[in-house]
Structures are given as C-alpha cells and as structure tokens.
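Take a look at the chain shown below. This report walks through its fold, from the whole chain down to single residues.

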Amino acid sequence: MTSSHDPSPPTHPPVADLVAVAEQVARAAGRLVHEGRPQTVGVAATKSSAVDVVTAMDLASEDLVRRTLARLRPDDAVLGEEGGHRAGTSGVTWVVDPIDGTVNYLYGLPAYAVSVAAVVGEPTPATWTVVAACVHAPATRETWTAGRGLGAYLGGRRLSVAPAPSLDRCLLGTGFGYVAERRRAQARVLASLLPRVRDVRRMGAAAIDLCQVATGRLDLYYERGLQPWDLAAGALVVAEAGGVVTGLRGASAGEGMTVAGAAERVAELVAILEEERADAPEGPAPGIG
Ligand code: IPD
C-alpha cells in the first residue's frame, strides 16, 4: 500500500504532524470505547452476516473521530468503517476503524483497537500512500505509531522486524471472514499451513495482528478479506519496522490477500498461498445465521 517508487509523490503536511493527529484522535476514541464499555455490550446492527456485528460504541467512536478530525483537520477527507467516505479538499484522507476487533469488544476480550491512518493519493488503496498511522489498544494500554520515513514505535520503543526463523519455527497469525463460504475456504488453507508452522494464532483484530508482526510477537500474518480500515495503519507500522506487507500474484495487500512479516518468509508464505489458491473465488456465499 505504500508506493515508495511513486515518481511524483503527492504533497502533504509534515508527516510528524499527521502522526500526532492520528495518535490524538485514536487515544480520544480509545478512551471513549474503553471507559464507556457497558457491562453488557449490545449489537446495534449486523453487516455481511449475523455474526458481523456493529455495536453502539463502534458508531459513537467513529462519530468522535469524525468530530475531532473536523476540528483539527477540517479540509481532510475521511473514510470510516461505519460512516463511509466524506470528501475533502486537502489531499489527505483519514482511514478509520473505530473499533477493530468488535467481536472481542462484544465479549470483553482485550484485543481491540482504534485504527487511524492518514493517506495521500486517493482514490483507491492500490493507488494511495499511507503516511501516518496510529493503532491504539486501550484495554492493553498499547499504542503503535508510524510515520512514513520516520519509523514505527510501540510507545517510545522503536520497532524493527527481526529476521524470521524457518517456516516450521514461525508463529503465524491469521483471521477469518464472517461469511460461511469464505470460512470454509479459509479452513482448507489453514489445514494445509498448520502442519508446516510452529503454531497459529487467531486473535481477532487485524490492525493489532499487523502491529504484533512489527513487535516480534508474531513472525508472520496473513488474512483474506481485509478492508482498507483494517489494514492501512497496521501496514505502515509493519513497513516502517522494516517488514513487508503484500498481496498475492504481485498485487498490493488488500481484500484479495494480506501477507506480512520479514521479507524472506513472506515470499515463502506467498508461494504457499498462491499454490493453495487461497485467493480463489468462492461459491455462493450464504451468511452464518
Ligand atoms: C475484523 C477484525 C478481525 C478480522 C476481520 C475484520 P472488525 O475487523 O480485524 O480480526 O479477522 O476480517 O473484519 O469487524 O472487528 O472491525
């Protein structure tokens, strides 16, 4: 998603300023979500299937993010998971997941985050460049930030993706979609990978998974079906930590596939996923429930 070979990169405000805004916004929304979590979280709506849920707090968090950005950066565009696209005039777009890991939030599991990224060069994730990012996980009090060319950080600690061990020693993260046919296909691919790696983790928040790769808590991560708001901020954190984030068959990371980790091991995992046709079209997709 970050195109370092763009011959004429779009102009934008200093990256450090955008990182500061991303962090301010993500922390404010994180505070709201964490401190305002009711004992029992209700489902406000469903999306792709009955288990793809939206809570009232997803909506409140995105509303806070939009209001804060309108005050701090009134000319910028916003693309949010719950509220869609609002156009701007500055050339900067904020890509926002108000709660990544909504199912964890629903169940009171701590792996959820607010994910905020600033991108330039819209209109699509294939053409834009992510320049600033913050993934803030309020329940674990962890905040990852990255600025294009400025490195990636967990709190004050600069991150650097370590050389990955051989595949059979790799801890592999992944995630699943919300629709039964997608999951059937994902289970087939997982069954082929599981005997070839150290172990597998499904923690339930893609933005955090990507940051865990940058932090050395996962060696590799792959997932099909990620949306721009799941991916934008975490992908910059991995890239600025020296890792690679890519898709299959030469495509950028995106809905088709996202693979992240140290370059050599990503290449190996990409080859397996391509061989397994992990990006093949699925049959008719009845929802779960
Ligand atoms: C989901 C989480 C999950 C991933 C799904 C995403 P949401 O985002 O990141 O880990 O497996 O693909 O949709 O719905 O909690 O914002």
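## Ground rules

This is a predicted model, in which local features need pLDDT of at least 70 and side-chain atom pairs count only at pLDDT 80 or more, while totals for chains, interfaces and linings use all residues. Residues are numbered from 1 along each chain as its sequence is written, and side-chain values use heavy atoms, with hydrogens and water left out.

## The whole chain

The chain has seven helices and 15 strands. Both come from DSSP runs, numbered from the N terminus: helices are H or I with at least four residues, and strands are E with at least two. Along the principal axes, the C-alpha atoms fill a box of roughly 50 × 45 × 35 Å.

Buried residues make up 52% of the 289 residues. Buried means under 20% relative accessible area, exposed means over 50%, and partly exposed is in between (1.4 Å probe, protein chains only). Now consider contacts, meaning heavy atoms within 4.5 Å. Among those with a separation of 6 or more, 64% join residues 24 or more positions apart.

## Two domains

The domain assignment gives domain 1 (15-158) and domain 2 (167-275). Such bounds come from an automatic or database domain assignment. The domain centres, taken over C-alpha atoms, are separated by 20 Å. Their contact takes 41 residues from domain 1 and 23 residues from domain 2.

## Strand 5 and its partners

Strand 5 (residues 92-100) is mostly covered: nine of its nine residues are buried. What does strand 5 pair with? Strand 3 (residues 77-80) runs parallel to strand 5, joined by four bridges. Here Val 78 stands opposite Trp 94. Strand 6 (residues 113-120) runs antiparallel to strand 5, with seven bridges. Thr 93 has Val 119 in strand 6 as its bridge partner. Two strands pair if DSSP finds at least two bridges between them.

In a regular strand the side chains alternate between the two faces of the sheet.

Strand 11 (residues 171-174) and strand 13 (residues 220-223) pair in the parallel sense over three bridges. Gly 173 stands opposite Tyr 221 in strand 13.

## Nonpolar cores

A nonpolar core is a set of buried Ala, Val, Leu, Ile, Met, Phe, Trp, Tyr and Cys residues joined through side-chain atoms within 4.5 Å. The largest has 61 residues, and Trp 144, Tyr 222, Val 259 and Leu 273 touch the most other members. Helix 6 gives the most to this core, with eight residues. A second, separate core of 22 residues includes Val 25, Ala 29, Leu 64 and Leu 69.

## Residues to find

Leu 32 is found in helix 1 (residues 15-35). Leu 32 counts as partly exposed because its relative accessibility is 32%. Not counting residues up to four places away in sequence, Leu 32 touches Arg 37, Met 57, Ala 60, Ser 61 and Leu 64.

Most residues other than glycine have a negative phi. Arg 249 has a positive phi, near 50 degrees. Arg 249 lies in the loop between strand 14 and strand 15. Arg 277 also has a positive phi, near 50 degrees. Arg 277 is found in the segment after helix 7 (263-275). At 52% relative accessibility, Arg 277 counts as exposed.
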